[in-house]
Amino acid sequence: MKKFSSYKSTLTACYSQCTIQSIVAVFAPLLFVTFQNEYGVPLNKITLLIAVNFSLQLCVDFASAFFIDKIGYRACVLVADFFVSIGLIFLTVLPSRLPDPYTGLFIANAVYAIGSGLLEVSLSPVIEACPGEYKEKKMSLLHSFYSWGCVAVVGLSSLFFATAGAARWKVLTRLWAVVPAANAVFFTFVPVASLKEEGAPPFSVLSLLKNRTFWQFALIIACAGAAEVSVSQWASAFAEKGLGVSKAAGDLFGPALFALCMGVSRTLYGKFGDRINLQSAMTVCSALCTAAYLFASLSSSPVLSLFGMALCGFSVGLLWPGALSLASARIKNGGALFALLALAGDLGCVSGPSLVGCFAGLFNDNLKIGILFSAVFPLTLSLVLIFFRKKQAPRTKRLNATQSNDRQADDTPANDRQADDRR
């Protein structure tokens, strides 16, 4: 296994692991109508599975802050792979074996949701712990694989259904279950570093919660999550209205277009991030995201609304991984930091679509009104980043002045000695 001894293999393994989250997030919703027809489960009960998925991931985010650094990142990733693989297999077995098919769907969804939650809090600290420079580029590239994974899962699943038929969905589900199992084998043999420095005090959740800077980053990533999911959850509706396609085509094309644009922005920063200031790029992206919301909600043209959705996917791509990179550079608190930031981000993911639905309902189910009110999330993110930048400016000036004085102090004795030699 010498070929897996390099940290480059660790990065590759993490990128591959990130696609597993795509399977959990995208594949099951493609089968919702199939579940309704095959098992006779009402659609409102099936869509409740989404809420269960998010709720369990929130619980995992919070709980992992207390154990992730104790049991290690590798163990968390391997356990996560096991849960996702078993959960997907349960999806093909339990609904037809249990007296109530919905109970089987619920159990399977809960099992792979726990696995996805563990991956979310484990992969980012593994990337951050890898030695080397430009970690923000690696973080952005890591999250780009989630976007590309979504595109691949939608595309390959659609191709399978078109050729083999939707009735053979269980075969495809078991094929997807092989992916986390294979990734677990790969991840077993790659090196995994620790974020904890030798001689440093143990990581403390309490100290993190008392840190004012942490709460600033928690607000940033919460707004980033809300800005991302508020539009992505309604991407199908935008595609359906913008292109005049069927509901089924809108379900496939809308999320795929959003994920494609998001993946492009994350990949671009992963490639050229060393030439760009991360905080400045995030400020520009959050402002661009606000403009995208306005395009989508205020435009009278369906095509421009669709363009706003795509622009939102591109502009929001850097915000979540960028927040993680900025926070880890300023706060050294191991996996607990990433776990609690994931919790804040997922809370944003829950509140964003809820706000869209709430305001849309108040205005006769006008989706555009809901999107317009949700522009508060990228707008708040822009203001927070600008405030954070202005707050750092005086501190940077003081640091530069101190370093300048130190250099002058170091030069003075040497000049005095040269004067004494001349005398």
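Rings of Phe, Tyr and Trp, the last by its six-membered ring, form a pair if their centres lie within 6.5 Å. In this predicted model, the structure holds twelve aromatic pairs. Two of them are set out below.

| Pair | Centre to centre | Angle between planes | Helix |
|---|---|---|---|
| F35 and Y39 | 6.4 Å | 35° | α2 (residues 32–39) |
| Y102 and F106 | 6.4 Å | 55° | α6 (residues 101–129) |

F35 and Y39 form a tilted pair, and their positions in helix α2 are four residues apart, about one turn of the helix. Both residues are buried. Through ring pairs, F35 and Y39 are linked with W169 into a cluster.

The pair of Y102 and F106 is tilted because its planes stand at 55°, an angle between the limits of 30 and 60 degrees. Both residues lie in helix α6, again four residues apart. Y102 is buried, with a relative accessible area of 10%, whereas F106 is partly exposed at 34%. K45 lies over the face of Y102, at 4.5 Å from the ring centre.

On the surface, L260, V264, L268, F272, I276, L288 and F314 make up a nonpolar patch with about 510 Å² of accessible area together. Helix α12 (residues 247–272) supplies the largest share, four residues. L288 belongs to helix α13 (residues 278–298) and is partly exposed, its relative accessible area being 32%.

Helix α15 (residues 319–330) spans 17 Å from its first C-alpha to its last, close to the 16 Å expected. Ten of its twelve residues are buried, so α15 is largely enclosed by the rest of the structure; among the buried residues are L319, W320 and P321.

Definitions and conventions
Residues are numbered from 1 along each chain as its sequence is written. This is a predicted model: local features need pLDDT of at least 70, side-chain atom pairs count only at pLDDT 80 or more; totals for chains, interfaces and linings use all residues. Side-chain values use heavy atoms; hydrogens and water are left out. Patches are made of residues with over 30% relative accessible area and no salt bridge: like charges are joined within 9 Å, nonpolar side chains (Val, Leu, Ile, Met, Phe, Trp, Tyr) within 5 Å. Accessible areas come from the Shrake-Rupley method with a 1.4 Å probe; for residues, only the protein chains shown count as cover. A salt bridge is a side-chain nitrogen of Lys or Arg within 4 Å of a carboxyl oxygen of Asp or Glu. Helices (H or I, at least four residues) and strands (E, at least two) are DSSP runs, numbered from the N terminus. Buried means under 20% relative accessible area, exposed over 50%, partly exposed in between (1.4 Å probe, protein chains only). The expected span of a helix is 1.5 Å times one less than its number of residues. A charge sits over a ring if NZ of Lys or CZ of Arg is within 6 Å of the ring centre and within 35 degrees of the ring normal.
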